[in-house]
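Here are some notes for a colleague who is opening this structure for the first time. They are set out as numbered points, to be read with the model in view.

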Amino acid sequence: MSARITDGSHVEVAVVGGGQAGLSMSWQLTQRGIGHLVLERDTVAHDWADRRWDNFTLVTPNWQCALPGYPYDGADPDGFMKRDEVLAWIRRYAESFGAPVVEGVLVTRVREGAAGGFEVVTDQGTITADQVVVATGGYHRPVLPAAAGRISGSIVQVHSADYRSADVLPQGGVLVVGSGQSGAQIAEDLFLAGREVHLALGSAPRCARFYRGRDCIAWLDDMGVYDIPVQAQVGGLTKRESTNHYMTGRDGGRDIDLRSFALGGMRLYGRLIGGGGTSLAFSPTAEASLDHADSVMESIKTDIDRYIDRAGIDAPREDRYVPVWRPDEEVTSLDLDEAGITSIIWSAGFRSDYSWVQVGVFDGAGHPTHQRGVTAAPGLYFLGLPWLHTWGSGRFAAIARDSEHLSSAIGDRARHPAEAAVPG
Ligand SMILES: Cc1cc2nc3c(=O)[nH]c(=O)nc-3n(C[C@H](O)[C@H](O)[C@H](O)COP(=O)(O)OP(=O)(O)OC[C@H]3O[C@@H](n4cnc5c(N)ncnc54)[C@H](O)[C@@H]3O)c2cc1C
């Protein structure tokens, strides 16, 4: 990572962001002999170290970690890398082809240049670029519900991005708000560490880890589910706002069954709808949330059954899930002091922030408009966004395919700047 930027210099392509997406882009551009720099405000792939908890493991199996020119080649393709293994693996990738990454340079503004191309303003000077790829991930600003600002100062509040381990929280109970992939896994992490856990459930679906002898992700991959573009999904582009299914890769992978945690003492609530001081209010939706998550899981199994039947595959039969617990009543209010809760982990997701990209390609909500990452501004691209094109676009699974697609568009434009297609 020895590249530098020189104020006033020019580069064919500026790639903003040195995570797996920016590096994949860099590999593709390297293959095509296209000059570029990867501008990373921190260090390569640091999000995997700085924004994941200590016991984090991938939810997706290692065989899906297929960066372009760099498939997972470790000893456990069906396993799930731990946080530090992921970080080391990505850093080795950058080194493997000498990615021209400039670390510690913050891009503060990208705008169209007066004579075409782009002006890329950084905290170390300004460069120009013919083309720009924004690969800054999809998780920029942690979302905190309004209630967070009204909670008593005696309660420690942490966003899931900053949660590290049960040990660093004060003694006492912990309330986790949100049951998406992070919330469900953090609640499990705390529970396994022996903490008293309270969990406010949202509307996240879940998926079984294994079914009929294989990882569900392997079945769904064979079924072609991960190749279906976002436009062809039920709900179309709204899929980009959907919550991920919860399951875990921890200890070789397993389901996250919140009902069984409830049997073991975890307290479950519906959606958090308000609060202040030490008192919080929840909607009476805990049971509906659990039922919804289970019904999605079971419908995925039905799809897998049909696929197995259609394809005539010999796979072991497996009993369907039977709920092991139901709430006796919906608890709609909670006093944190009375319940002995001393900390809250907000797992309400993230918002994107592209305010520094000052090019007119955004919708009213600040989301970039694009087709497979190609925007209407010639030479400006996005990569690595959740559902940019398919399920795997914001994950490891499809970054090779998406970066290949963009590198082809970039190559076309580099060769024939005036003719390169702009999406309609
Ligand atoms: C909790 C969590 C768990 C996940 N688990 C999985 C999983 O199991 N499997 C899977 O496939 N995916 C998973 N993902 C999704 C995805 O793989 C990660 O979000 C991954 O980090 C995305 O890589 P990226 O390169 O697109 O973005 P990032 O890793 O976020 O990299 C973007 C980089 O851009 C830099 N940057 C941002 N703004 C600027 C700027 N203005 N100037 C310069 N640099 C900038 C950042 O410092 C960062 O290094 C998970 C995501 C989260 C949040």
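Predicted model: local features only at pLDDT ≥ 70, side-chain atom pairs only at ≥ 80, totals over all residues.

1. The buried residues are Gln20, Ala21, Gly22, Leu23, Ser24, Met25, Ser26, Trp27, Gln28 and Leu29, where buried stands for a relative accessible area under 20%.

2. The length of α1 can be checked against expectation: from its first C-alpha to its last the helix reaches 16 Å, close to the 16 Å expected at 1.5 Å a residue. After α1 comes Gly33, which has a positive phi, near 70 degrees.

3. A similar check can be made on helix α8, which covers residues 399-415. Its 17 residues should span 24 Å at 1.5 Å a residue, and since its end C-alpha atoms are 24 Å apart, the model agrees with that figure.

4. Which residues of α8 are buried? They are Ile399, Asp402, Ser403, Leu406, Ser407, Ala409, Ile410, Gly411 and Arg413.

5. His198 belongs to strand β12, which takes in residues 197-200. Is this residue buried or exposed? With a relative accessible area of 1%, His198 is buried, because the cut-off for that term is under 20%. Leaving aside residues up to four places away in sequence, His198 touches Val174, Leu175, Val176, Arg267, Tyr269, Leu334, Ala339 and Ile341.

6. The second largest pocket holds about 730 Å³ of space. Its lining is made up of 28 residues, and those nearest its centre are Val225, Lys239, His245, Ile300 and Trp391. The elements giving two or more residues to this lining are α5 (216-222) and α7 (286-311), with α7 supplying the largest share, four residues.

7. By residue type, the lining of the second largest pocket divides into 16 nonpolar, nine polar and three charged residues. By domain, the lining takes at least three residues from domain 1 (10-140 + 352-415) and at least three from domain 2 (143-346).

Note on methods:
Residues numbered from 1 in each chain as written. Heavy atoms only, no water. 1 Å grid on protein atoms, 1.4 Å probe; cavity = no way out; pocket = protein on both sides within 12 Å on 5 of 7 lines; lining within 4 Å. Points joined across faces, edges and corners; volume = space filled by probe spheres on them. Nonpolar A, V, L, I, M, F, W, Y, C, P; charged D, E, K, R; others polar. Domains from an automatic or database assignment. Buried < 20%, exposed > 50% of the residue type's maximum accessible area, 1.4 Å probe, protein only. Contact = heavy atoms within 4.5 Å. Expected span 1.5 Å × (residues − 1).
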